[in-house]
Amino acid sequence: MTNAAEDLRHAASTWWAAILNGFTRTDPLSVPAGILLGILAAAIILSIPRVTWRWFGLYVTFVHELGHAFAALMTGRVVHGVKIGLDHSGQLVSSGRRGFSALWSGFWGYPAPAVVGLALVWSVSAGWAGAAASIGALILLLALIFLRNFTGIVVALLSAVVAQLLVMFASPQTVSWSVLALGIALGVGSVRDFFKVAAVHTRRRSQLASSDAHLLAQASRTPSFLWLSGFAVVIFGAAAVSGCLVWGMLAR
């Protein structure tokens with residue numbers, strides 16, 4: 001038992017040292033155009049075809065729900081749990097005052113993947129990809145506390161395991177490329193998800209009950225169009241800034 005406890009402490013110490021080591025600034029990437037096109041193509045392949053979106057979309061939904069949860073915590077709401085369905089549905093259960101806090105939490109679902117994607121791309125451009133990976137690894141572990149169904153736990157657990165392995169065993173260069181690829185993929189996935197919710201309001205109105213924009217409109221007694229426009233401003237704005245940052249990293 002003593003040896004097992006010592007091994008566990010050593011493993012925890014090694015892991016924590018790797019987490020802290022991520023907060024060391026590295027040189028920004030110089031991205032060849034060919035590799036960038038390959039990353040962008042991979043992101044599109046993950047997000048556009050239904051067969052791949054079925055799985056990558058679960059991760060985008062996970063980030064979507066974490067956006068709701070983080071926004072809820074920002075305004076003092078209590079987060080009781082998060083659920084994710086295989087059909088890419090999600091549910092955040094929180095309690096607190098009605099009004100601004102509920103609307104704020106309700107808004108930051110669809111924009112969350114785009115904002116996280118922008119943060120990841122920026123971290124690579126500024127030389128802080130390791131810090132982004134370390135912070136992400138910690139957040140993904142904490143997120144396990146809030147998951148309340150099997151699908152959500154599996155998605156969160158797999159994401160957390162990949163993040164820990166990346167932090168502990170990957171070289172700084174590999175971390176930078178991985179963070180860049182994930183940032184671009186989340187940006188593309190967020191745009192894909194926006195068109196999906198927009199279609200609910202135009203062609204598939206029978207599914208309105210699942211739309212954050214519809215729920216926000218009901219809660220605020222304002223048109224859904226205003227909330228969809230807000231989603232679009234944040235998502236496409238983040239995508240545009242991410243594109244500018246990536247352009248600045250292109251090898252000349």
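How much space lies in the largest pocket? In this predicted model, the largest pocket holds about 1,600 Å³ of space. It is lined by 47 residues, and those closest to its centre are Tyr59, Val63, Leu66, Val116 and Leu140. Two or more lining residues come from each of the helices α3, α5 (111–126), α6 (129–143), α7 and α8 (172–202). Helix α3 gives the largest share of this lining, with 13 residues. When the lining residues are sorted by class, 41 are nonpolar and 6 are polar, and no charged residues are present.

The second largest pocket contains about 1,100 Å³ of space. Its lining is made of 41 residues, and His64, Tyr110, Ser210, Ser211 and Asp212 lie nearest its centre. The elements that give two or more residues to this lining are α3, the strand β2 (90–95), α4, α8 and α9. The lining of the second largest pocket divides into 15 nonpolar, 14 polar and 12 charged residues.

Helix α7, one of the elements that line the largest pocket, covers residues 150–169. The helix has 20 residues, and the distance from its first C-alpha to its last is 28 Å, close to the 28 Å expected at 1.5 Å a residue. The buried residues in α7 are Thr151, Gly152, Val155, Ala156, Ser159, Ala160, Ala163, Gln164 and Val167.

Aromatic rings were examined next. A pair of aromatic rings is described by the distance of the centres and the angle of the planes. The structure holds 13 aromatic pairs. In one of them, the ring centres of tryptophan 53 and phenylalanine 56 are 6.3 Å apart and the planes stand at 70 degrees; because this angle is over 60 degrees, the pair is edge-to-face. Both residues belong to helix α3 (residues 50–74), where tryptophan 53 and phenylalanine 56 are 3 residues apart, about one turn of the helix. Tryptophan 53 and phenylalanine 56 are both buried.

A second pair is formed by phenylalanine 107 and phenylalanine 231. The centres of these rings are 5.2 Å apart and the planes are at 45 degrees, so the pair is tilted. Phenylalanine 107 is in helix α4 (residues 100–107), whereas phenylalanine 231 is in helix α10 (residues 224–249); the pair therefore ties together parts that are 124 residues apart in sequence. Phenylalanine 107 has a relative accessibility of 13% and counts as buried. Phenylalanine 231 also counts as buried, at 0% relative accessibility.

Leucine 118 is located in helix α5. The relative accessibility of leucine 118 is 21%, so the residue counts as partly exposed; the cut-off for buried is under 20%. With neighbours within four places in sequence left aside, leucine 118 is in contact with Ala238, Val241, Ser242 and Leu245.

Histidine 214 is part of helix α9 (residues 212–220). Its relative accessible area is 19%, so histidine 214 is buried. Not counting residues up to four places away in sequence, histidine 214 touches His201, Leu208, Ala209 and Ser224.

The backbone angle phi was also examined. Most residues other than glycine have a negative phi, and most peptide bonds are trans. Histidine 88 is not a glycine, yet it has a positive phi of about 75 degrees. Histidine 88 is placed in the loop between β1 (78–84) and β2. At 14% relative accessibility, histidine 88 counts as buried.

Arginine 221 also has a positive phi, near 55 degrees, in a residue other than glycine. The loop that holds arginine 221 runs between α9 and α10. Is arginine 221 buried or exposed? The relative accessibility of arginine 221 is 79%, so the residue counts as exposed.

Note on methods. Residues numbered from 1 in each chain as written. Predicted model: local features only at pLDDT ≥ 70, side-chain atom pairs only at ≥ 80, totals over all residues. Heavy atoms only, no water. Helix = DSSP H or I, 4+ residues; strand = E, 2+ residues; numbered from the N terminus. Buried < 20%, exposed > 50% of the residue type's maximum accessible area, 1.4 Å probe, protein only. Contact = heavy atoms within 4.5 Å. Expected span 1.5 Å × (residues − 1). Phe/Tyr/Trp six-rings, centres within 6.5 Å; stacked < 30°, edge-to-face > 60°. 1 Å grid on protein atoms, 1.4 Å probe; cavity = no way out; pocket = protein on both sides within 12 Å on 5 of 7 lines; lining within 4 Å. Points joined across faces, edges and corners; volume = space filled by probe spheres on them. Nonpolar A, V, L, I, M, F, W, Y, C, P; charged D, E, K, R; others polar.
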